[in-house]
Amino acid sequence: GIQQHLNFSLIMGCCANKNTAGNREELALSDQDNGSGNNGGSVKILKENEAKEESGKKNINKSTASEGEPLNQLAFGASTGDRNKAIEKEEKKEQTLIISKDGGSPKTDILKVIKEESGPSLVLEIVGENNVQRGTKYTLTSKGYEKSKRNANDGCVYIGTQEIDPSTGKHSNDIVFSQTAGGMAPVHCFITYHPETRSYSIKDTGQGTGTFLKIQKPLEIKPGYVIAFGECSMVFNSACETELKIKFLDGPKSDQEMTFGLKDSPVKIGRNTDCQIQFEGHGVSRCQSLIYLNNGKWFIEDGIKGNPSTNGTWLFIDESYSLLNEDVIKAGDILFSTHIIDSHKS
């Protein structure tokens, strides 16, 4: 199968979230011990601006209120209480949280914002009926799966059939499917939240039969892309303006290689007699998919002339893929669609 021809490395770790700052928050780096006697792992709140108005001051003139817009607006005709509230609001914006690892190493310090801005939620909805009821939903947030027993809160969500790792006694996955789920590995794939882009990505671990994205719009072909349909799969060995090289990995054309040039575009795949890549049966539609050249780049789309294939054309996710709203993902035999809910954009 695909796994026999491609060498996948198991990615079992997740990158730490990159630094991010919002309009109301700042980040500060603690490169070394601050001399307070606290060990690594200590948390300190720093206030960079302690220039607070004296409580007894009753008037703020134009020159003293020129540092910030909120104070400018309250400079004249406002009560002392209103001015003090504005000052306190400005000070809260300047609070910074520093979290240092053991030893306070400058290279390994972890940064986090004191008030974590909630990112978009990702809802996975089952659209097939293989061992899981259609319509079942799993809600993911920037911290992970809300009902996870792994309780890592690391922004990663692991999906597979193994509940407990026998070697460690710890939970292996956040979302656990039955071991009868066809083609799904103990740890099949994982989804990661990226705070810097407020987005989610998914990646296959290389253990099962693969994790795939359903092609629902024209996809630009890149060398190394693996496409699957029916019982067949193929890899694009090259994709330049002058030629496109394909090698079949599975199915009746396994190990066959084909080369197409400028004059061959478009290339039809399917059971119809006018298809350049023709199949008989094997779960392939009459008009399975179309490959064509456009402005020097090769593209592939499912179906032909807007008519989708019966079982779909799928891209194998061996590299990290950024999930979009309404994507359809296949993990083993489990199919789910993605719904991104972002309250900041609503």
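This is a predicted model: local features need pLDDT of at least 70, side-chain atom pairs count only at pLDDT 80 or more; totals for chains, interfaces and linings use all residues.
Trainee: Okay, so how many of the residues in β10 are buried?
Mentor: Six of its six residues, and the strand covers residues 199-204.

Trainee: What does β10 pair with?
Mentor: One partner is β9, in the antiparallel sense, over six bridges. Within that pairing, Tyr-193 has Tyr-200 of β10 as its bridge partner. Another partner is strand β22, residues 321-322, which is joined to β10 by two bridges and also runs antiparallel. There, Ser-201 is opposite Ser-322.

Trainee: How many residues lie between β9 and β10?
Mentor: Four, and the two strands form a hairpin. Look at Arg-198 in the turn: its phi is positive, about 50 degrees.

Trainee: Switching to the open sheet. How many strands does it have, and in what order?
Mentor: It has 11 strands, with antiparallel pairing, in the order β6-β5-β4-β24-β23-β11-β21-β13-β14-β15-β16.

Trainee: Which strands stand at the edges?
Mentor: β6 (144-145) and β16 (257-261). Each has a single partner strand, so one side of each has no neighbour in the sheet.

Trainee: And how do β23 and β24 pair?
Mentor: They are antiparallel, with four bridges between residues 328-331 of β23 and residues 334-341 of β24. Lys-330 stands opposite Leu-335 in β24.

Trainee: Lys-330, okay. Which ring does Lys-330 lie over?
Mentor: The ring of Phe-212: Lys-330 lies over its face, 5.7 Å from the ring centre. There's also Lys-253, whose charged end sits over the ring of Phe-279 at 5.2 Å from its centre.

Trainee: Now rings with rings. How many aromatic pairs does the structure hold?
Mentor: Eight. Take Tyr-138 and Phe-177: their ring centres are 5.9 Å apart and their planes are at 75 degrees, so we call the pair edge-to-face.

Trainee: Where in the chain are Tyr-138 and Phe-177?
Mentor: Tyr-138 is in strand β5 (residues 137-141), while Phe-177 is in the loop between β8 (175-176) and β9 (189-194). Together with Tyr-145, they form one aromatic cluster.

Trainee: What about Phe-212 and Phe-316?
Mentor: That pair is tilted, with 5.2 Å centre to centre and 50 degrees between the planes. It also links distant parts of the chain: Phe-212 is in strand β11 (residues 211-214), Phe-316 is in strand β21 (residues 314-316), and 104 residues separate them. Phe-212 and Phe-316 are buried too.

Trainee: Which residues touch the most other members in the largest nonpolar core?
Mentor: Leu-140, Phe-177, Ile-191, Met-234 and Ile-291, out of 48 residues in that core. Apart from it lies another core of eight residues, including Ala-228, Val-235, Leu-249 and Val-328.

Trainee: What is Ile-291 in contact with?
Mentor: Leaving aside neighbours within four places in sequence, its contacts include Ile-221, Met-234, Phe-236, Trp-298 and Phe-299.

Trainee: New topic: Ser-172. Buried or exposed?
Mentor: Buried, with a relative accessible area of 10%. You'll find Ser-172 in the loop between β7 (156-160) and β8.

Trainee: What does the side chain of Ser-172 make a polar contact with?
Mentor: The side chain of Gln-162, at 2.7 Å. Not counting residues up to four places away in sequence, Ser-172 touches several residues, among them Arg-150, Tyr-158 and Val-187.

Trainee: Last one, Thr-242. Where is it, and is it buried or exposed?
Mentor: Thr-242 is in the loop between β14 (232-239) and β15 (243-250). With 53% relative accessibility, Thr-242 counts as exposed.

Trainee: What does Thr-242 touch?
Mentor: Phe-260, Gly-261 and Leu-262, if you don't count residues up to four places away in sequence. As for Trp-298, which is 56 residues away along the chain, its C-alpha atom and that of Thr-242 are separated by 9.9 Å.

Methods. Residues are numbered from 1 along each chain as its sequence is written. Side-chain values use heavy atoms; hydrogens and water are left out. Rings of Phe, Tyr and Trp (its six-membered ring) pair if their centres lie within 6.5 Å; planes under 30 degrees apart count as stacked, over 60 as edge-to-face and the rest as tilted. Buried means under 20% relative accessible area, exposed over 50%, partly exposed in between (1.4 Å probe, protein chains only). A charge sits over a ring if NZ of Lys or CZ of Arg is within 6 Å of the ring centre and within 35 degrees of the ring normal. Two strands pair if DSSP finds at least two bridges between them. A nonpolar core is a set of buried Ala, Val, Leu, Ile, Met, Phe, Trp, Tyr and Cys residues joined through side-chain atoms within 4.5 Å. Contact means heavy atoms within 4.5 Å. A polar contact is a pair of N or O atoms within 3.5 Å; within protein, one must be able to donate a hydrogen and the other to accept it, and residues adjacent in sequence count only if both atoms are side-chain atoms.
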